[in-house]
Each structure stands twice: as C-alpha cells, then as structure tokens.
Amino acid sequence: MEGPLSGYDLQQRVARNLGHFQHASFGALYPALGKLRAEGCVNTDRAGETGLAKCTYEITDKGREKFDLELGKTTDGESFRSQFLSAMYFADRLDGGDLERLVDQRLADHREQRRRLLALPLSSMTEGQRFTVRYALARINASIDFLHGEGRAIIASIRRDGY
C-alpha cells in the first residue's frame, strides 16, 4: 500500500511495523507474493540485468480491492501458538532450574518486546496502528505480571515437590 518494495524490504517493514502481532518469514512471503502476482494483485519489476536482479512488488487496484475484502473478513478469534506454553503444559517433567530458566527467558523476551513497542513513533502512526501497539502492550504487560506471580509460584511448587 505504501509503494513498490522488494521482498526483503517488505519483510523488514512487516517486522518493524507489524512484528508485535504478525510474522512474515521469507519462506512464507515469497510464495504469497507469487500467488498474489498470479492473481493480478501485485505487479513486479526487475531492476538490473543479472539473474539475481532485485524484484520489486507493487499492489494493483485489484490487490487493493482484495486487501479491503480480506480486512472485512477478520472476525474470527485470535490464534495463539506458543512453544513456551507447550513446554509449561509439561512443567511437572522439568526440574526447577530448567523451569526457572524457561520462565526467566520468557520474561526477558516480553520485556524486550515491550521495549521495542515503547520505542515506536506513536505520534506519527494512524489511530489503528496506535491501537495495535497499545493492545500488544496490554497483552505483554499482563503476561509479565502473570509470570511474576504465577511463574514464580509454579517454580516454587515444582521445587517443593522435588522435580
């Protein structure tokens, strides 16, 4: 929507601007761009003469229509997948030290996410963009608070039970 971008630049923009709720790996991005190109939703332009020419992608009018249509469909619930939660489900199989490292790492990850979100230029963002940042901050802050209380409690419980 913001003009022609290479796949790399698009992935970097997604990571920088949407990373608090969306991830776009190169393994997912390029096939998606290829599909959008085949559907006529993006145009491509190859700069340079070599086989490794930089390809830029630009959304078409059809792509804007599809984008708006897809935005209107986002009414289903949020999906939440977490390797951390999968490991915590089996916390009784971990020893106290491993469990403490797991909780501490998760806390450190959340603090880093919060730091990155707080560094975003909120004043230059749209209201919708500011909403997503505030929403992500609320979830992260709640997770940090929960881990401080419940994370410490499960560590103490596992250690007390001798795991």
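Me: In which helix do Arg116 and Glu112 both lie?
Reply: This is a predicted model. The side chains of Arg116 and Glu112 meet in a salt bridge, 3.8 Å from N to O. The two residues are four apart, about one turn of the helix, and both lie in helix α5.

Me: What is the N to O distance in the salt bridge of Arg130 and Glu127?
Reply: Arg130 and Glu127 are three residues apart in helix α6, so about one helical turn separates them. Glu127 is partly exposed, at 47% relative accessible area. The side chains of Arg130 and Glu127 meet with N and O at 2.7 Å.

Me: Which residues do salt bridges with shared partners join into one network?
Reply: A salt bridge needs a Lys or Arg nitrogen within 4 Å of a carboxyl oxygen of Asp or Glu. The search of the whole structure finds eight such bridges. Those that share partners make one network of Glu112, Arg115 and Arg116.

Me: How many residues apart are Asp104 and Arg152?
Reply: Asp104 forms a salt bridge with Arg152, and the closest N and O atoms are 2.6 Å apart. The pair links distant parts of the chain, with Asp104 in helix α5 and Arg152 in helix α6. Asp104 is partly exposed at 31% relative accessibility, and Arg152 is partly exposed at 33%. The separation of Asp104 and Arg152 in the chain is 48 residues.

Me: What span is expected for helix α6 at 1.5 Å a residue?
Reply: Helix α6 covers residues 127–160, which is 34 residues. From first C-alpha to last, α6 reaches 48 Å. That is close to the expected 50 Å.

Me: Where is the kink in α6 centred?
Reply: The kink in α6 is about 35 degrees. Buried residues of α6 include Ile144, Leu147 and Gly151. The kink is centred on Leu147.

Me: Which helices do the buried residues of α6 pack against?
Reply: The buried set in α6 includes Val133, Ala136, Leu137 and Ile140. Further along α6, Ile155 and Ile158 are among the buried residues too. The buried residues of α6 pack against α4 (83–89) and α5 (96–118).

Me: Which residues does His110 touch, not counting those up to four places away in sequence?
Reply: His110 is found in helix α5. Its relative accessibility is 7%, so His110 counts as buried. Contact means heavy atoms within 4.5 Å. On that test, His110 touches Ile140, Ser143, Ile144 and Leu147.

Me: How far apart in space are Leu120 and Arg16, C-alpha to C-alpha?
Reply: Leu120 lies in the loop between α5 and α6. At 16% relative accessibility, Leu120 counts as buried. Leaving aside neighbours within four places in sequence, Leu120 is in contact with Arg16, Met125 and Val133. Leu120 and Arg16 are 104 residues apart in sequence, yet their C-alpha distance is 9.0 Å.

Me: In what order do the elements of the protein run from the N terminus?
Reply: The protein has six helices and three strands. From the N terminus on, the order is β-α-α-β-β-α-α-α-α.

Me: Of contacts between residues at least 6 apart in sequence, what share joins residues at least 24 apart?
Reply: Buried residues make up 23% of the 163 residues. The protein exposes about 11600 Å², with 53% of it from carbon and sulfur atoms. For the contacts, the share joining residues at least 24 apart is 53%.

Methods:
Residues are numbered from 1 along each chain as its sequence is written. This is a predicted model: local features need pLDDT of at least 70, side-chain atom pairs count only at pLDDT 80 or more; totals for chains, interfaces and linings use all residues. Side-chain values use heavy atoms; hydrogens and water are left out. The expected span of a helix is 1.5 Å times one less than its number of residues. The bend at a residue is the angle between axes fitted to the seven residues ending there and the seven starting there. Buried means under 20% relative accessible area, exposed over 50%, partly exposed in between (1.4 Å probe, protein chains only). Accessible areas come from the Shrake-Rupley method with a 1.4 Å probe; for residues, only the protein chains shown count as cover.
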